[in-house]
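Could you look through this structure with me before we discuss it? I have set my remarks down as numbered points for someone who has not seen it before.

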Amino acid sequence: MKNLSTPLGDEVLTLKAGERVTLSGMIYTARDEAHLRMQEEGIPFDPKGAVVYHCGPVVKDNKIIAAGPTTSARMNELSGFLFDAGVRALIGKGGMGDIVREELRGRGVYLAFTGGCAALAASRMTLKGVFFEDLGMPEAVWAIECRELPLTVAIDAEGNDLFRDVRMRSDKIFHKIF
Amino acid sequence: MPELTDHERLRTAVHEATTAALREAEIHLPDDVKAALRAAYAAEDNPVARSELEAIFENIKTAEERNVPICQDTGVPVIYITIPPDVPFTDAITEGVQDGVRQATTEIPLRPNVVSPFTRENTGDNCGMGMPAVHITPGETFTLTVLPKGAGSENVSALKMFLPSETGKIAQFITEMVLHAGGKPCPPVILGIGIGSTADGATALAKEALLRPLGEMNILEQEIYDAVNALGIGPMGLGGKTTCLGVRIREGGCHTASLPVALNVQCWAARRATVEVNYP
């Protein structure tokens, strides 16, 4: 199993869909509202080699209490500017659309973290800061240092997409049953 | 100290019950759901699916050890209350629920999830604008059940008004909705299905169906369960044998010209807890 650390570089180009990895270092949460704000006002962290986490954590007394992934597909149409600025990986759940798969080609990867595993995630995270706090707890951009977050490469930089493969197979099975 | 009025006593009792039920539900997964996840793991041979389920088991354990919510989407609390004949059905009940949700939000803590639908302004305490939803029915005992509902699974819910002659199409409809949902609702999911009633009534039945613990299934539940698991969507949509942990159907009478069918999808973190309200 590969152990990745931020900032990420060309090592992400060699990752293969279906591979298990761990990630350590800085990650930045962003959901719908944060993507819209960043498009208007700019990215508040250094995007070169950065990792964006689709997550709206529970935070109390400057500590991350629970921080599992949110559904990434909501950000399908909102993510291109991040890769243009140098972001190398997204973390989320549920997979992303064709647009993002093409945007990632030759540049970065989409990493799946197990949905609902918020306590596990929080046990490996330290809060370092926050941007756009006025958006509210779920929608703000939280800067988090993580230690060995267990992830699955779901979309690689060559256009392989585990979620799409499963979807296509399931679709065929559905039409066989009904 | 002045004696509490009946209104205040009832409000306080409901307040305490709400906080206690939320604390239990958000941190500890019900035993039937844990057992279903273990059975899924035993049946699973896909390595990605197995590692997803292993993360889920580690997460359940971590939440209990650290006394923190299982999932950061602590949901919107949906509350079901039964009141016996000697308890007055007054504002004290809904006020007590709101007090309990506010306390749970700061203490457990819960993520403030309730926002205005257009401005998206967060109310900050999971209350306001008609939230949380409270469903009250008459009963033998004074009990309060919470079902914190996350958005990933709620967002793939569906309603279809079938023709009365189309009962044979229900399994296909449900399976197709799960197919389209893919990994979005955090599978393995539990499917709550409401059949009958009115359009609004069927959606309520679908959610209430999720209150029944997992276990034996009737013929239609089993048919849907088998079809959904044959799809191979698997844990988190990454492939595998377990897409669904169980199917629960609730029926209601309906208009002779109607056949409403509603689906309420529940993620694997099927949080629910029931407590008795200490009143009078």
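The points below go from the annotations and domains to the two sheets, the helices and the contact between the chains.

1. The model is a predicted one, and the remarks that follow should be read with that in mind. For chain A, an unreviewed UniProt entry lists residues 10–165 under "domain: Fe-S hydro-lyase tartrate dehydratase beta-type catalytic". In the model, this span of chain A is 20% helix and 32% strand, and its end C-alpha atoms lie 25 Å apart.

2. For chain B, the UniProt annotation, again from an unreviewed entry, reads "domain: Fe-S hydro-lyase tartrate dehydratase alpha-type catalytic" and covers residues 16–275. Over residues 16–275 of chain B, the model has 39% helix and 21% strand, with the end C-alpha atoms 10 Å apart.

3. The domain assignment divides chain B into domain 1, made up of 6–27 + 69–148 + 272–276, and domain 2, made up of 31–63 + 152–266. The C-alpha centres of domain 1 and domain 2 of chain B lie 25 Å apart, and nine residues of domain 1 of chain B are in contact with seven residues of domain 2 of chain B. On the side of domain 1 of chain B that touches domain 2 of chain B, the elements giving two or more residues are β1 (76–83) and β3 (143–149) of chain B. By class, that side of domain 1 of chain B has six nonpolar, one polar and two charged residues.

4. In what order do the strands β2, β1, β3 and β8 of chain B stand in their open sheet? The order is β2-β1-β3-β8, and the pairing in this sheet of four strands is mixed. Because β2 (133–138) and β8 of chain B stand at the edges with a single partner strand each, one side of each is left without a neighbour in the sheet. From one strand to the next, the twist averages 20°.

5. Within this sheet, β3(B) has antiparallel pairings that can be followed residue by residue. Seven bridges join β3(B) to β1(B), the two running antiparallel, and here B:I79 stands opposite B:V146 in β3(B). With strand β8 of chain B (residues 273–276), β3(B) pairs in the antiparallel sense over four bridges; B:L144 has B:V275 in β8(B) as its bridge partner, while B:T145 has B:T274. Five of the seven residues of β3(B) are buried, so this strand is largely enclosed by the rest of the structure.

6. A further open sheet of four strands in chain B has the order β4-β7-β5-β6, also with mixed pairing. Its edge strands are β4 (158–162) and β6 (244–252) of chain B, each of which pairs on one side only. Neighbouring strands of this sheet are turned by 15° against each other on average, with direction ignored. The pairing of β4(B) with strand β7 of chain B (residues 259–266) is antiparallel and extends over five bridges, and in it B:M161 stands opposite B:P260 of β7(B).

7. Which helices lie across strands of chain B? Helix α7 of chain B (residues 199–209) lies across β4, β5 (189–196), β6 and β7 of chain B and runs at about 145° to β5(B), whereas α8(B) lies across β5 and β6 of chain B and runs at about 145° to β6(B). In α7(B), the residues B:A202, B:T203, B:L205, B:A206, B:K207, B:E208 and B:A209 are buried. The buried residues of α7(B) pack against β1, β4, β5, β6 and β7 of chain B.

8. The last point concerns how the two chains meet. In the model, 45 residues of chain B are in contact with 45 residues of chain A. Three helices of chain B, namely α3 (47–66), α6 (170–181) and α8 (219–230), each supply at least two residues of the side of chain B that touches chain A, and α3(B) gives the most to that side, with 10 residues. By class, the side of chain B that touches chain A has 22 nonpolar, 16 polar and seven charged residues.

Conventions
Residues numbered from 1 in each chain as written. Chains lettered and ligands numbered in written order. Predicted model: local features only at pLDDT ≥ 70, side-chain atom pairs only at ≥ 80, totals over all residues. Contact = placed C-beta atoms within 7 Å. Nonpolar A, V, L, I, M, F, W, Y, C, P; charged D, E, K, R; others polar. UniProt positions renumbered as here; feature names shortened; annotations may be inferred. Pairing = 2+ DSSP bridges. Axes fitted to C-alpha atoms, helices over the stretch in contact; angles between N-to-C directions. Domains from an automatic or database assignment. Buried ≥ 20, exposed ≤ 12 C-beta atoms within 10 Å, placed from the backbone.
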